[in-house]
Amino acid sequence: MKNFYRLRSSLFLILILTFPQWAYTQTNTFKNYSYSEFFQLIESSKDSTFKLENAIIKYDQTTDARFGFTGFPGSSFRSYTSSDTIVINKDLDLTNVHFDATERRHALHHIKFKKNIVMRNTSNVQFMNCTFEGRITIMSMESMANTIELLDKNSRRISLSVAISDSKLKKSINMDLGTTDEKMRSRISIENSEIWGSKEGRGSRFNGVSIVSVTVKNNRFHDHGRVTITGDLTDKVDISGNDFGEWIAEIKVLGSMELNTSILEENTFKNHVLLDFDNLTTSSTFQWSQWDDQLISSQGYNDYFNLLPDSVKIGTFMSFEANDSVLTQYKSDVVQYGKSYKQEIKLRGKLLDLYKSQHDLEDVNIVYMEIKDLETQRLAFLYTLDPSFSTFFKWKVNQFLKAFSDYGTEPSKAIVFSVNVVLIFAIIYLFFPNSWDEQGKHRILQRFDFYQKYLRSKQGMNDMYLVEKKKELSEYEAFRKRIEDGKLELPRFFIAWSKPIYSMAMFSTKLTASILKSTDILSGKWHTLSPAQRRWKNIQIGTYLIIGVGYDISIRVLNALMLSINAFTTLGFGEIPIKGLPRYLAIIEGFIGWFMLTIFSVSLISQLLN
C-alpha cells in the first residue's frame, strides 16, 4: 500500500462503482422540474429523507426569480432577487440530478439545510450564502458516458462542477469528483466560507481527479479537524487566503507534466501541513513562509504510519488528539526512519528546484537551510547508533557551518562571527604584556615625573613643558636655520616644501604648550597655595591624569586589537610581539581565522555564482 490516505480518499469513489451501473445511466428519460417545483417536492414529501433520481432542475424565468442573482460567485458586487431564507428540515439524497447550466445567473442561495445532504453524480450545483448544519457528501462516478449521451440529446449542458461560496458549514464536507470522460469539464470550488470541525476525528475532503480545477480560497476553519485537498491530474489547483486555524491540512497536487498552474499561498496554518506534489511548472506558486516549521511530507508520514500498530492507526481515525499526537511524534522521530527522512528531503528538494527555476534566491536559501538542518539531526542520530570520527566530524562541521554562515547562505553572518572571535582574543591579549606596550609604561612614568616637578616648582606648566621639549625644539630651529642659510644654494621648490614640513613638526608642540598655558592660571608651589587654590590645582592635575590614562588605555586596547587581527588573518606571524600563554593562543586564533576565512570565501563565491 503505497499511500494509505490516497486509498482512503478514493473509498467513496470505489463504493459508488460497486452500485449497479443501470441505476444511474440506463434510464431513457429524465424528469424535468423547475427550481420552485423541486423545492415543492421537498416540502411535500412526508419522508424524513427526500430522495430524487434521474432529474433535471431547470431555471424557469417565470417562477424561479427567487433563485436568481447578478454578479459572480464570491464577488462583493453580487446581489440577489430575494434574500429570504428557505429552511430544509430533511435529509436530501440526490442521484443523477442535474442543475441545468444553460442559464448562468441562478443558484441555491440563502437556504438553511438542517440535516445531511448526499449528492451522487449531481452536476452544476452552486450554493451561495447557505448554512449547512448537517454533513455534506458530494460524489461522482468515474464514467458517465451514457448519462452525457442522454443529456446531449436533450440539449442539456453537463459538468460535474460544485461551487460553494459565502456559506457556513457546521459539520464535515466530502467532495469527491472524478471522471475519465473528456467531455466532463468539472470543477470544485469553495470560497469565502466558514467550516467547523470536531475533536472526534471527523474531517473534510475536497478531492478532484481529472477535472479542470480545485479551488479552496479565502475560507476560515473553526475548532479542530483534518482537511484533505487533492488535485490529481487537475489543470489548476488554487489554495490561497485560507485560515486553517488548528486544523491538520493534507494537500496533494498530483498529475502529469500537463499540469498548468498550482497556487498555494497566503494561507495561515497553526498545525501540521502534509504536502505532496509533483511536476510543477515555473508558473506555480508555493509560498514557503506560510507553513513555517509545520511542513511534513505526506509520503514520508505514510511510510511511518504504515509501521505503527493497528491500535494506534485506528485511534487516529477516532479522535483529533490522537491524530495530532502521532503527527507530532513523527516530526520528532522522522530522522530515525530512513525512508521517511528521504521523503522529507525529497519534498524540500523539489521545492528547492521550484524556487531555483523562479530565481527566488531568498526561499532557495531558506529551504536549503531546512534540508541541512534535517541532515544535521540525522547525523546526530547516526552517531548515537554507531559512534565514529567520520560521523562526528560531519555532524559538528554542520553545526559549525550553521552557526558561522547558515550553511554558506549568509556570508555577512560569517563576518559578524569573525569579528566576535577577534574581539574575544583581543580582550585576552589586553591582560598580557607585549613589546608594543613598553612605550606606554615609560610614558606613564614620565607623565607622573613631569607633574611632581610641576607641583614642586614655581614655573608654569607650559614653561616646564617647553624646557623638556628644548632639545626637540632646538633641532627644529636648527633645521629652519639651515634652510634659510641655504637660500642661494637650494632650489626654490625645495625651500617652499620645507616650510610646511617645519610648521607641521612644530604644530603639536605649540598646540600642547598653548593648551597648558591657557589652563594653568595658578602659579607657585602646591604646598604654598591656599586651600581653595589647592583644590583648583588638584582638579587641574586630576583632569590631565584622567586624559593621560584614557589615552594610554586606548593605545593598549588598540594594540591588543591589532595583535588579534594579525593573528586571525595570519598576517602578523613572525612579528607578533607577545610571549608566554598569548603566543600559543595566537596560534590557535590563526588556525581558527584560516578556517573561517576559507569558509567565508567559499560562501561569498557561492552567493555570487547564484
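How many salt bridges does the structure hold? The structure holds 13 salt bridges, a salt bridge being a side-chain nitrogen of Lys or Arg within 4 Å of a carboxyl oxygen of Asp or Glu.

Colleagues, this is a predicted model, in which local features need pLDDT of at least 70 and side-chain atom pairs count only at pLDDT 80 or more, while totals for chains, interfaces and linings use all residues. Residues are numbered from 1 along each chain as its sequence is written, and side-chain values use heavy atoms, with hydrogens and water left out.

I begin with Arg-120 and Asp-93, whose side chains meet in a salt bridge at 2.7 Å, N to O. Arg-120 lies in strand E9 (residues 117-120) and Asp-93 in strand E6 (residues 91-99), so this pair ties together parts that are 27 residues apart in sequence. Strands here are DSSP runs of at least two residues (E) and helices are runs of at least four (H or I), numbered from the N terminus. Both Arg-120 and Asp-93 are buried; buried means under 20% relative accessible area, exposed over 50%, and partly exposed in between, with a 1.4 Å probe and protein chains only.

Next, helix H10 (residues 361-385) contains both Glu-375 and Lys-372, 3 residues apart, about one turn of the helix. Their side chains form a salt bridge at 2.6 Å, N to O. Glu-375 is partly exposed, with a relative accessible area of 27%, whereas Lys-372 is buried, at 16%.

Finally, Arg-226, Glu-250 and Lys-252 are linked in a network of salt bridges.
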